[in-house]
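Here are my notes on the model you sent over. Have the structure open while you read, and follow the points in order.

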Amino acid sequence: MHVLDAATGRPASGVAVVLTDEGGAEIARGETDADGRAGLGPARLAAGTYELAFATGAYFAARGVAAFHPRVRVTFALADEADGSPRHHHVPLLLSPFSYTTYRGS
């Protein structure tokens, strides 16, 4: 995953993020690096529904910025790959104090 701060035009470093499965069980947690990136989870996730929870309120508070969204949750579904091979999943988050957007990256 990759978090970019649209208000500053820079990567969002230090954003805590948690990956959970459909039942809410934690799979992994981490924090974005200086480039706004964090690699989470095992090499391969099984088909299913997952959620990434980003601590955006804490990120902005640490910078003295009021934010509307204290947490951003991105829920996504993965299907089985036809050949069973591992696949890299990239989930970008474009963030500002009052809005966010995400998409399926490559």
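1. A definition to start with: buried means under 20% relative accessible area, exposed means over 50%, and partly exposed is in between, with a 1.4 Å probe and protein chains only. Helices (H or I, at least four residues) and strands (E, at least two) are DSSP runs numbered from the N terminus. With that in hand, look at S5: five of its seven residues are buried, so the strand is mostly covered.

2. Some housekeeping. This is a predicted model, where local features need pLDDT of at least 70 and side-chain atom pairs count only at pLDDT 80 or more, while totals for chains, interfaces and linings use all residues. Residues are numbered from 1 along each chain as its sequence is written, and side-chain values use heavy atoms, with hydrogens and water left out.

3. Now the sheet that holds S5. It is an open sheet of four strands in the order S4-S3-S5-S6, with antiparallel pairing; two strands pair if DSSP finds at least two bridges between them. Strand S4 (26–31) and strand S6 (72–78) are the edge strands, each pairing on one side only. On average, neighbouring strands of this sheet are turned by 15° against each other, direction ignored. That angle comes from axes, lines fitted to C-alpha atoms (for helices over the stretch in contact), and angles run from 0 to 180 degrees between N-to-C directions.

4. How many bridges join S5 to S6? Seven, with S5 covering residues 48–54 and the two strands running antiparallel.

5. S7 and S8 pair in the antiparallel sense over four bridges, and Leu 94 has Thr 101 as its bridge partner in S8.

6. On to the nonpolar core, meaning a set of buried Ala, Val, Leu, Ile, Met, Phe, Trp, Tyr and Cys residues joined through side-chain atoms within 4.5 Å. The largest one has 22 residues, and those touching the most other members are Met 1, Val 3, Val 17, Leu 19, Leu 40, Leu 52 and Phe 54. Two or more residues each come from strand S3 (16–21), S5, helix H1 (56–61), S6 and strand S7 (92–96). S6 gives the largest share, four residues.

7. The C-alpha atoms of Leu 45 and Ile 27 are separated by 9.8 Å, and the two residues are 18 apart along the chain.

8. Which charged side chains pair up? The whole structure has three salt bridges, each a side-chain nitrogen of Lys or Arg within 4 Å of a carboxyl oxygen of Asp or Glu. Arg 29 forms one with Glu 26, the closest N and O atoms being 2.8 Å apart; Arg 29 is exposed at 55% relative accessible area, and Glu 26 is partly exposed at 46%. Arg 37 meets Asp 35, also at 2.8 Å, N to O, with Arg 37 partly exposed at 36% and Asp 35 partly exposed at 37%. Glu 51 and Arg 73 make a salt bridge at 2.8 Å, N to O. This pair links distant parts of the chain, Glu 51 in strand S5 and Arg 73 in strand S6, 22 residues apart.

9. Last, the rings. Rings of Phe, Tyr and Trp (its six-membered ring) pair if their centres lie within 6.5 Å; planes under 30 degrees apart count as stacked, over 60 as edge-to-face and the rest as tilted. By this rule there are two aromatic pairs. The rings of Tyr 59 and Phe 60 have centres 5.0 Å apart and planes at 70°, so this pair is edge-to-face. Both Tyr 59 and Phe 60 are buried.
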